[in-house]
Amino acid sequence: MKKRLMPILAILVIVLAACGGKTATEQHHEETPALAVGEEKQLPNGDLQQVTASAEELPAFLDDKSDDLQLVYQVAGNAEDILKYMPCYCGCADSADHGSNLNCFVDEIRKDGSVVWDDHGTRCDVCVEIAVKSVTMAQEGKSLKEIRKTIDMDYNKGYARPTDTPMPS
């Protein structure tokens, strides 16, 4: 699996890097005080959040993680326009109040480009699978609606309740 995943993710990183200019993520934790670049905090559910200056700078909590997982985070940080429309089926809707699969990796992409990363995805294969599948399908030319339909069909049985994620228009 790792050998197949690496070339796909490498291509995704290159293609997504060319997209640039992300808008701010709709913050789903409005009561959360803003962290400054370099700061981190532990959430009540156990997730760790860290802030970096941009999506190009990965959080320190990934330093001891595999290259593949670091690549998934890099891709997720540049795929806001895709992942914000994909639900997660790992149970994070209840345990972490996530709004989409994006939030398993990124809590917020701010207007200044800084990123509030979430380490939830470091412990969850379901989160990683959904992100990789979604971005891969987008690179294959699938529409957001087609991707969403596939994710919903693939994970609607045998998985936790999905996040309350808006449908793409």
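Analyst: Start with how elements are named: helices and strands are DSSP runs, numbered from the N terminus. The model here is predicted. With that naming, Asp-97 is placed in the loop between α4 (92-95) and β3 (106-109).

User: What is the phi of Asp-97 near, and is the value positive or negative?

Analyst: The general idea is that most residues other than glycine have a negative phi. In this model, the phi of Asp-97 is near 60°, which is positive, and the residue is not a glycine.

User: Does Asp-97 count as buried, partly exposed or exposed?

Analyst: Buried means under 20% relative accessible area and exposed means over 50%, with partly exposed in between. Asp-97 has a relative accessibility of 45%, so it counts as partly exposed.

User: Next, salt bridges. How many salt bridges does the count come to?

Analyst: In general, side chains of opposite charge can pair when their charged atoms come close. The count for this model is 7 salt bridges. One of them joins the side chains of Asp-47 and Arg-123, at 2.4 Å from N to O. The two residues are 76 residues apart and link distant parts of the chain: Asp-47 is in the loop between β1 (40-42) and β2 (48-52), and Arg-123 is in the loop between β4 (115-118) and α5 (125-139).

User: Which residues are linked with Arg-123 in a network of salt bridges?

Analyst: The network links Asp-47, Asp-119 and Arg-123. Besides its bridge to Asp-47, Arg-123 meets the side chain of Asp-119 in a salt bridge of 2.9 Å, N to O.

User: Where do Asp-152 and Arg-148 lie?

Analyst: Both are in helix α6 (residues 144-155), 4 residues apart, which is about one turn of the helix. Arg-148 has a relative accessibility of 7%, so it counts as buried.

User: How do I read a polar contact that involves the backbone? Which side chain has a polar atom 2.6 Å from the backbone oxygen of Asp-119?

Analyst: The side chain is that of Thr-122. Thr-122 lies in the loop between β4 and α5 and is buried, with a relative accessible area of 18%. Leaving aside neighbours within four places in sequence, Thr-122 is in contact with Phe-61, Leu-62, Lys-65, Leu-69 and Tyr-73. Thr-122 and Val-72 are 50 residues apart in sequence, and their C-alpha atoms are 9.7 Å apart in space.

User: Leu-69, Val-72 and Tyr-73 bring us to α2. How many of the residues of helix α2 are buried?

Analyst: Of the 11 residues in α2 (residues 67-77), 8 are buried, and the helix is mostly covered. The buried residues include Leu-69, Val-72 and Tyr-73. Asp-68 is also among them.

User: Which side chain makes a polar contact with that of Gln-49?

Analyst: The side chains of Gln-49 and Asp-118 are joined by a polar contact of 3.2 Å. Gln-49 is in strand β2 and, with a relative accessible area of 1%, is buried. Beyond its neighbours within four places in sequence, Gln-49 is in contact with residues including Leu-35, Glu-39, Asp-107, Val-116 and Trp-117.

User: And Thr-163: is this residue buried or exposed?

Analyst: Thr-163 is buried, at a relative accessible area of 4%. Thr-163 is found in the segment after α6, and its side chain makes a polar contact of 2.6 Å with the side chain of Thr-165. With neighbours within four places in sequence left out, the contacts of Thr-163 include Pro-87, Cys-88, Cys-92 and His-98.

User: Last, helix packing. At what angle do α5 and α6 pack?

Analyst: The angle is about 150°, with the axes 10 Å apart. Angles over 145 degrees count as roughly antiparallel, and α5 and α6 are therefore roughly antiparallel to each other. The crossing of α5 past α6 is right-handed. Among the residues making the contact are Val-126, Ile-130 and Met-137 of α5 and Ile-147, Ile-151 and Tyr-155 of α6.

Note on methods. Residues numbered from 1 in each chain as written. Predicted model: local features only at pLDDT ≥ 70, side-chain atom pairs only at ≥ 80, totals over all residues. Heavy atoms only, no water. Buried < 20%, exposed > 50% of the residue type's maximum accessible area, 1.4 Å probe, protein only. Salt bridge = Lys/Arg side-chain N within 4 Å of Asp/Glu carboxyl O. Polar contact = N/O pair within 3.5 Å; in protein donor to acceptor, adjacent residues only side chain to side chain. Contact = heavy atoms within 4.5 Å. Axes fitted to C-alpha atoms, helices over the stretch in contact; angles between N-to-C directions. Parallel < 35°, antiparallel > 145°, perpendicular 65-115°, else oblique. Left-handed = near helix turned anticlockwise from the far one by under 90°.
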